[in-house]
Amino acid sequence: VLIERDKIAAVGRPEDVSIPTDARRIDATDKLVAPGFLDTHTHGRDGDYFGEDLDSTAELCRSIVRTGVTGLLPTLATLLPIQYTLEMILTRIHTVRQVMKQGHSGAEILGIHMEGPCLSSADTARGSQVVANLRQPSVKELRRMVETSEDTIRKISIAPELDGALDMIREMVKLNIAPCAGHSTATYEQATEAIQAGVSCATHTFNGMIPLHHRRPGLLGAVLTSDAISAELIADGQHVSPTAMEILLRCKGASGIHLITDNTIWAGMPNGVYEDGDRTVVKEENRAYVKGGTLVGSVAPMNFCVRNIARSTGCSLAKAVQMATLNPAAVIGVDDRKGSLEPGKDADLVILDEDIEICMTIVKGQVVHHTAQLRLE
């Protein structure tokens, strides 16, 4: 792979690529070279949420490259244990947008994902979202969020059964935003109507949805049977069983799934018990959960999810990597420059060992992380 400045200049066998004599070389013998991972649903890690302030948001982008992620959508949601107002939501959007403008030496922010605030408050669908912070769909509020983001919102998760949701979904399509159905009690008929209105993505499939019933297939039934839907999947081994992941893979094929981490602030943190407002969160290895309650996002990194889906379902590593690279790039409309190793695309690469551990991460031609196993010559 030949990189010139921030682009991939050529890909091929050494005898077929003219390598400049002054080129710096990276010897990846016995390693795997892949496109950089894209995480389009991640709330934070290392004790911080995206959008809290400029410095911590930039630092999160620098930290996440250790997991092989080269591009991401900071995900702003209603899971914080504080009373949210629309103005507070707009402030966090503005903060992420400012970090995008300023730049940093980490993973590229490709836009924003809003997980809510228009989600179901039903116990069967809300997960760890804070009910007091949920709002009803409003095209007016959507436009304010988009304006504050300077047209950089790329995905919005919404419960399509809510009053006004279809109008909001149609407006998202006009604004080039991918509408995602999630945290929802929608019937199959409501989900189908939402897909016809423009829903193109399912938020963490299986999670925050009514389980499949043979007479009431619901949102999940629509996701499994609609070619118009790209299914998010948290493949951390905690949120979805290997059998359910295999069912999804058989229904959607590798091209119909994109991996997400849904990481929360406990990702990268030591195991232990953490106070989070009036609730207690327990972090144990690759899961975090509200004590006495539900999982609270995920703490497994993207490289773990790639390895786990390959090993759990038996799919090829190439397909697992596709689910973390080209597929999410297509969902948010950046597959013309991200998601595969092709000449002319951004030089975002990750070098992996056989256990899918990260040896080196390259963002737009710059080495932003490496272990002792690899170095520039």
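At 4% relative accessibility, histidine 183 counts as buried, the term being applied under 20% relative accessible area, with exposed used over 50% and partly exposed in between (1.4 Å probe, protein chains only). The structure is a predicted model, in which local features need pLDDT of at least 70 and side-chain atom pairs count only at pLDDT 80 or more, whereas totals for chains, interfaces and linings use all residues. Residues are numbered from 1 along each chain as its sequence is written, and side-chain values use heavy atoms, with hydrogens and water left out.

Histidine 183 is located in the loop between strand 11 (178-181) and helix 5 (188-197), where helices (H or I, at least four residues) and strands (E, at least two) are DSSP runs numbered from the N terminus. Its phi is near 45 degrees, a positive value in a residue other than glycine. A positive phi of about 65 degrees is likewise found at aspartate 30, which is placed in the loop between strand 2 (7-10) and strand 3 and is exposed, with a relative accessible area of 73%. The peptide bond from glycine 116 to proline 117 is cis, with omega near 15 degrees, and proline 117 belongs to the loop between strand 9 (112-115) and helix 3 (139-149). Most residues other than glycine have a negative phi, and most peptide bonds are trans.

In helix 1 (residues 54-64), the buried residues are Ser56, Thr57, Ala58, Leu60, Cys61, Ser63 and Ile64; their packing partners include strand 4 (37-42), strand 7 (69-77) and helix 2 (86-102), contact being defined as heavy atoms within 4.5 Å. The N-terminal end of helix 1 is capped by aspartate 53, a side-chain oxygen of which lies 3.2 Å from the backbone nitrogen of aspartate 55.

With residues up to four places away in sequence not counted, valine 306 touches Phe37, Leu259, Leu317, Ala320, Val321, Ala324 and Ile356.

The structure holds 22 salt bridges, each being a side-chain nitrogen of Lys or Arg within 4 Å of a carboxyl oxygen of Asp or Glu. Glutamate 150 is paired in this way with arginine 97, the closest N and O atoms being 3.3 Å apart; the pair links distant parts of the chain, 53 residues apart, with glutamate 150 in the loop between helix 3 and strand 10 (153-158) and arginine 97 in helix 2. Glutamate 150 is partly exposed at 37% relative accessible area, whereas arginine 97 is buried at 16%.

A salt bridge with closest N and O atoms 3.6 Å apart joins glutamate 108 to lysine 364, connecting strand 8 with the loop between strand 19 (358-363) and strand 20 (366-370) across 256 residues. Glutamate 108 is buried, with a relative accessible area of 17%, while lysine 364, at 30%, counts as partly exposed. In a further salt bridge, the side chains of glutamate 284 and arginine 287 meet at 3.2 Å, N to O. Salt bridges that share partners join Lys7, Glu108, Arg337, Lys338, Asp346, Asp348 and Lys364 into one network.

How values were computed:
Polar contact = N/O pair within 3.5 Å; in protein donor to acceptor, adjacent residues only side chain to side chain.
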